Amino acid sequence: MPIYKKGRKEDLGNYRPVSLTSVPGKVMEQIILSAITWHIQDNQVIRPGQHGFMKGRSCLTNLISFYDKMTHLVDEGKAVGIVYLDFSKAFDTVSHSILLEKLAAHGLDGHMLCWVKNYLDCWAQRVGANGVKSS
């Protein structure tokens, strides 16, 4: 049963699909995640200021870090400007080929790239409700 998010209930894009993944698939995802995470940390690919998708970091730790930096600047009498961006749909539209190119550019092993490519090629999801399926 898809989970309604927001907007018109007739629009299938407004429902969150429920993913039922096999146990071997979940194990493989964890192996790939571990290998990529190890590579990224070992080669310092991600800056220390990155909070999203990092173990022990979250939106809250990002907000605390941001608030700390801004208050220090204000205390020093400096002007502060802030721009907020919403990337909530960013990962719905990530190009798999560009993702693979970036992983390769950061030195991810060829065998791991092959695993990721095969995973991405097989991965798809859609929502079905009232006999209609989303693209």
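Me: Take buried as under 20% relative accessible area, exposed as over 50%, and partly exposed as in between. Why does cysteine 114 count as partly exposed?

Reply: This is a predicted model, and the values are computed from it. Cysteine 114 has 42% relative accessibility.

Me: What puts the buried residues of H1 on the same side?

Reply: The buried residues of H1 are Ile32, Ile36 and His39. They cover an arc of only 60° around the axis, which puts them on the same side of H1. Val23, Trp38 and Gln41 are exposed on the other side of H1. The buried residues pack against H4.

Me: Why would residues three or four places apart point the same way?

Reply: An α-helix has 3.6 residues a turn, so residues at that spacing point the same way.

Me: How do you know that H1 has a span close to the one expected?

Reply: H1 has 20 residues. The expected span is 1.5 Å times one less than the number of residues, which comes to 28 Å for H1. From first C-alpha to last, H1 reaches 28 Å. The two values are close. Just after H1, glutamine 44 takes a positive phi of about 50°.

Me: What does the span of H4 come to, against the one expected?

Reply: H4 has 13 residues and reaches 18 Å from its first C-alpha to its last. The expected value is 18 Å, so H4 is close to it.

Me: What puts the buried residues of H4 on the same side?

Reply: Met112, Leu113, Val116 and Leu120 are the buried residues of H4. Their arc around the axis is only 100°, which puts them on the same side of H4. Gly110, His111, Asp121 and Cys122 are exposed on the other side. The buried residues of H4 pack against H1 and H3.

Me: What caps the N-terminal end of H4?

Reply: Aspartate 109 does. One of its side-chain oxygens lies 2.8 Å from the backbone nitrogen of histidine 111. The limit for a polar contact is 3.5 Å.

Me: What makes up the largest nonpolar core?

Reply: Nine residues: Ile32, Ile36, Leu100, Leu103, Leu108, Met112, Leu113, Val116 and Leu120. To belong, buried nonpolar residues must be joined through side-chain atoms within 4.5 Å. Helices H1 (23-42), H3 (96-105) and H4 (110-122) each supply at least two residues of this core. H4 gives the largest share, four residues. Leaving aside neighbours within four places in sequence, leucine 103 is in contact with Leu108, Leu113 and Val116.

Me: Which pattern does the chain follow along the sequence?

Reply: The pattern is β-β-α-α-α-α-β-β. That comes to four helices and four strands. Of the 135 residues in the chain, 14% are buried.

Terms used: Residues are numbered from 1 along each chain as its sequence is written. This is a predicted model: local features need pLDDT of at least 70, side-chain atom pairs count only at pLDDT 80 or more; totals for chains, interfaces and linings use all residues. Side-chain values use heavy atoms; hydrogens and water are left out. Buried means under 20% relative accessible area, exposed over 50%, partly exposed in between (1.4 Å probe, protein chains only). Contact means heavy atoms within 4.5 Å. The arc is that of the directions from the helix axis to the C-beta atoms. A polar contact is a pair of N or O atoms within 3.5 Å; within protein, one must be able to donate a hydrogen and the other to accept it, and residues adjacent in sequence count only if both atoms are side-chain atoms.
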